[in-house]
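The sequence and the structure are shown first, and the description follows.

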Amino acid sequence: MAALTTYTPEIPSVDVAVIGAGINGLAVAREAAARGLTVALFDQDDLAARTSAISTRLIHGGLKYLERFELNLVYESIRERNILLAKAPHLVHPYPMLIPFSKQQSRPGWLLACGLMLHDVLSLGKPLPLNRVVFRKRLQRDWPALAAAGLRWGGLFHDANVPVTERLAVELAVDAQRHGAIVSTHSRVESLVRTGGRITGLRYRDRETGETRTVPARVTVNAAGPWVDRVLDLAGAHDRRIGPTKGSHLIVDDFPGAPETCIFFESPADARPMFVLPWEDKYMIGTTDLPYDGSIDDIAMDDAETAYLLGAVNDLIPQAGLTPEDVLWSYSGVRPLPYVGELDDPSKVSRDHEIVVHTGADAGLVTIIGGKLTTHRALGELVVRRLERELGRRPGPSPTRGARLPGAPDGDWQEFRADYLRRSTLPAHTAQRLVETYGTVAADIERLAVGTPALAEIVDPDTGAIAAEAVHAVREEGALTLEDVVVRRMAVALNRDVGLAAAPAIAAVLVAHAGWNEARAESELDHYRAAMRRFKPRALTAEREAGTMRGSTE
């Protein structure tokens, strides 16, 4: 996999400038570059540093859209799920989920069973097993806690997930760059350029020099997610476009009655769809859906949301007995949904996307509203088709429909995985982590570890991550900050303490092997600890309480 460079001193005039390196912006940049357009992508932070990395991590086949007869979303979701399962099998995995059928829910079981069968009809030829209805005998065998709580039947829906969304974002960026795109992270767009009565590019703050640089662009794409309106503010007065809703998840360890598969159920409080999701060796519980008008720069889960989520799981699985003290950490973000004014139930806002091709004085600007993790590639294809028309080109077939992501093998994934594990000279647990996290890139990291034995040392016992991963992140994957490395390249922050215990060891590796000095490492550690506060990790709370107690006795 070619090295990802996230800084270019001089950026020339381009066909397309993209603002926002979340999943939408990455998809547009990848598609446009693959079609031969010149592209520059900017983000004030890192790749997928906010909304795109704090989702439920499902690659969802669109079952929930059947109820609203949004068949276009269902078909699109099924198609894109199939593409990801085939072209990114190292990242996207089959993920069955049980849907309990009970008298307490708002939708009768027979209707849900019909929905599962209809979904099978709409997804003929899918690479997943057929959905099915399961009855008490199988529930007692495979979901004993639910059966003990009185569940008599349910539906098994075969879906998919991407456990490490952060790695998906990195590979999209790598693929965009190898097709010629310029990727510039930690580069804040300061203004839009207007020439001859239209938008003709942007100005951004160079992260190395602090200077403001201008990039002429024939078309500028506003893919800033929740920050869409802020970008539009740079163009002048405009109607509000984004009406974000807050979604929060919490992370817990294994608990009494914890299921081996995802459970997709209704909250007993308000019938909102909820999930209990096995995730790595932990569980994710989510999600809330609340109107939100606060700051979108620093969002944290509140106590009411915690009580809501835990209460729903304890109602579903009474023996769970989960309390706030069981929460390892939590995360919150906002969905960049279309603004529709006052709304009692945010879940009723369509999850479909909207593409705004601006006219008049804002011609040359295209804004993306909404979008989903599952259908990011399709959205990128649709946006670039419109861009090609704006640029006077005839749209052709999408080159990304059949393209593997950089870490995917050229052949069967399971065969590649087994072969790598058989050939690797690293300890079995290390080799398994590398191949399951990085796919074919595992071989590059292994070469680092073999060439410099100190880089084979484990820096995080929780995940088994090794030092070579940190060096690879900086040298080959465009990581600039410690947060970039720990959270979005190594994914160590997905462990039980959001990477707080591992961060000093990783910073020390970067001092020894990646050109950092001690002062930079200390500064990065301070920034990392501050950044992790938004996740409200139990480890940080315990550390603060211990410090308070020591202070009171000294």
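Nine aromatic pairs are present in this predicted model. One of them joins Phe135 and Trp153, whose ring centres lie 6.2 Å apart with their planes at 5°, so this pair is stacked, the angle being under the 30 degrees that class requires. Phe135 counts as exposed because its relative accessible area is 52%, and Trp153 counts as partly exposed because its value is 27%.

A further pair is formed by Phe255 and Tyr283, with ring centres 5.3 Å apart and planes at 65°, so it is edge-to-face, a class that requires over 60 degrees. This pair also links distant parts of the chain: Phe255 lies in the loop between strand S11 (245-252) and strand S12 (262-266), while Tyr283 belongs to strand S14 (residues 282-286), 28 residues apart. Phe255 is buried, at 7% relative accessible area, and Tyr283 is buried as well, at 9%.

| Residue | Relative accessible area | Class |
|---|---|---|
| Phe135 | 52% | exposed |
| Trp153 | 27% | partly exposed |
| Phe255 | 7% | buried |
| Tyr283 | 9% | buried |
| Cys114 | 38% | partly exposed |
| Cys262 | 0% | buried |

Trp279, Trp329, Tyr331 and Phe535 make up one aromatic cluster.

Turning to the cysteines, how many disulfides does a search of the whole structure find? The search finds zero. A disulfide is a covalent bond between the sulfur atoms of two cysteines. Cys114 is partly exposed, with 38% relative accessibility, whereas Cys262 is buried at 0%.

The second largest pocket holds about 730 Å³ of space. Its lining comprises 30 residues, and His93, Pro163, Val164, Glu280 and Glu436 are those nearest the pocket centre. Two or more lining residues come from each of strand S4 (93-101), strand S13 (273-279), helix H11 (413-423) and helix H12 (428-438). Helix H12 contributes the most to this lining, with five residues. In terms of residue class, the lining of the second largest pocket contains 11 nonpolar, 10 polar and nine charged residues.

Definitions and conventions. Residues numbered from 1 in each chain as written. Predicted model: local features only at pLDDT ≥ 70, side-chain atom pairs only at ≥ 80, totals over all residues. Heavy atoms only, no water. 1 Å grid on protein atoms, 1.4 Å probe; cavity = no way out; pocket = protein on both sides within 12 Å on 5 of 7 lines; lining within 4 Å. Points joined across faces, edges and corners; volume = space filled by probe spheres on them. Helix = DSSP H or I, 4+ residues; strand = E, 2+ residues; numbered from the N terminus. Nonpolar A, V, L, I, M, F, W, Y, C, P; charged D, E, K, R; others polar. Disulfide = S-S within 2.5 Å. Buried < 20%, exposed > 50% of the residue type's maximum accessible area, 1.4 Å probe, protein only. Phe/Tyr/Trp six-rings, centres within 6.5 Å; stacked < 30°, edge-to-face > 60°.
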